Amino acid sequence: MQTMTHLQAGLSPETLEKAKVELKENPETLHQDIQEVRDMIITRPDIGFLRTDDAFILRFLRARKFNHFEAFRLLAQYFEYRQQNLDMFKNLKATDPGIKQALKDGFPGVLSNLDKYGRKILVLFAANWDQSRYTFVDILRAILLSLESMIEDPELQVNGFILIIDWSNFTFKQASKLTPSMLRLAIEGLQDSFPARFGGIHFVNQPWYIHALYTVIRPFLKDKTRKRFIMHGNNLNSLHQLIHPEILPSELGGMMPPYDMGTWARTLLDHAYDEETDYCPESYTLSVQDLERDLEKNMSPKTMKRSQSVVEPGVLKRPDKVKSEEDNLQPLLSLD
């Protein structure tokens, strides 16, 4: 049987070894692994699988450590999420006015250097969100579009991503726009429906109301994702223990210059970066409201009850006692 090594052509020797050891990737059985996932497509006639080539299916296998069933489930959810949220994926291009505005404000920012495990680092400076110009859904679309672009790189399929969200100066008013249904939409899109390995999600400088929001979304997080969340508060030293300051911008206590928000936007937009586009988020509000309504309908009473028992959805309450940042710092987890 011919081995499918051409599918591994983009991998360095180190990453090939990592794929073998960590992901159980075997060039001898690669074709068979891919075919087994492809054979399951017949079990979901309700989903339009718009792409089923070898290279595409391989990224789902890598994201689920070559567990065929889990890889297929992720593949199915990838297309199902797109079917269920058609408005979100209309005109999913960097030049779409809402996406373009979000990209220009650094949603997401992408650092040029990889971390020591070869992971791509995405940074979000939450306070940059200009709510008068684009919606949370536009930010989510910009992030998904960016990930689609980056996941083409086989190195990143194996090594994955790190996400750092800096909540400095993120106001209570901005936070109040983050409804549970919107946050759930983001979790479903990133955790359950995208073939990327997230090695860590780091919160820095988060105010109390971000902790309150986190308790709302916590029931929707898988245990594995939950373990990836690390709350650093204003303790940047704990961040630096995991991601070396040499590759971080100065805003995150790093040795690099301040992050230029337009860096990644210019990469995706190329010549279209400087073209002016008028964008009125009102034109998008209706579909966002519809989306929210559908999501609220879909949130099972049991799940809603679980999150209500923690914090009433849509209502952020000031905790009687805010934990000190030391208490908030979860144990430093090994992020394989």
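## The largest pocket

The largest pocket has a volume of about 1,100 Å³. A pocket is defined on a 1 Å grid over the protein atoms alone as an open set of points with protein on both sides within 12 Å along at least five of seven lines, and a cavity is a set of points where a 1.4 Å probe fits but cannot get out; lining residues have an atom within 4 Å of a point. Grid points are joined across faces, edges and corners, and a volume is the space filled by probe spheres set on the points. The lining of the largest pocket is made up of 48 residues, of which L163, L190, I201, T225 and F229 are the closest to its centre.

Two or more lining residues come from each of helix 1 (13–23), helix 4 (68–84), helix 7 (136–150), strand 3 (161–166), helix 10 (180–192), strand 4 (198–204), helix 11 (208–217) and helix 12 (223–228). Helix 10 gives the largest share, 5 residues. Helices (H or I, at least four residues) and strands (E, at least two) are DSSP runs, numbered from the N terminus. By class, the lining holds 31 nonpolar, 5 polar and 12 charged residues. Here Ala, Val, Leu, Ile, Met, Phe, Trp, Tyr, Cys and Pro count as nonpolar, Asp, Glu, Lys and Arg as charged, and the others, Gly among them, as polar. Domain 1 (6–84) and domain 2 (91–275) each supply at least three lining residues; the domain bounds come from an automatic or database domain assignment.

## Basis of the description

This is a predicted model, in which local features need pLDDT of at least 70 and side-chain atom pairs count only at pLDDT 80 or more, while totals for chains, interfaces and linings use all residues. Residues are numbered from 1 along each chain as its sequence is written, and side-chain values use heavy atoms, with hydrogens and water left out.

## The chain as a whole

The secondary structure of the protein chain comprises 17 helices and 5 strands. Of its 336 residues, 53% count as buried. Buried means under 20% relative accessible area, exposed over 50%, and partly exposed in between (1.4 Å probe, protein chains only). Among contacts with a separation of 6 or more, 77% are between residues 24 or more positions apart; a contact means heavy atoms within 4.5 Å.

## The enclosed cavity

The count comes to 1 cavity of 30 Å³ or more, and the largest cavity holds about 30 Å³ of space. Its lining consists of L122, I143, L147, L163, L190 and F198. By class, these are 6 nonpolar, no polar and no charged residues.

## Helix 6 and its surroundings

Helix 6 (97–104) has 6 of its 8 residues buried, so it is largely enclosed by the rest of the structure. The buried residues are G98, I99, K100, Q101, A102 and L103, and they pack against helix 7 and helix 14 (262–269). L269, in helix 14, is buried at 6% relative accessibility and touches A94, T95 and K100, not counting residues up to four places away in sequence. The C-alpha atoms of L269 and A94 are separated by 5.9 Å, although the two residues are 175 residues apart along the chain.

Just after helix 6, G106 takes a positive phi of about 85°. A cis peptide bond, with omega about 0°, then joins F107 and P108. P108 is placed in the loop between helix 6 and strand 1 (109–110).

## Helix 7

I139 is found in helix 7 and is buried, at 6% relative accessibility. Leaving out residues up to four places away in sequence, I139 touches A102, F107, W129 and Y134. I139 and P108 are 31 residues apart in sequence and 7.9 Å apart in space, C-alpha to C-alpha.

## Positive phi in two loops

K65 has a positive phi of about 50° although it is not a glycine. K65 lies in the loop between helix 3 (54–63) and helix 4, and at 24% relative accessibility K65 counts as partly exposed.

N169, also a residue other than glycine, has a positive phi near 60°. N169 is in the loop between strand 3 and helix 9 (172–176) and is exposed, with a relative accessible area of 67%.
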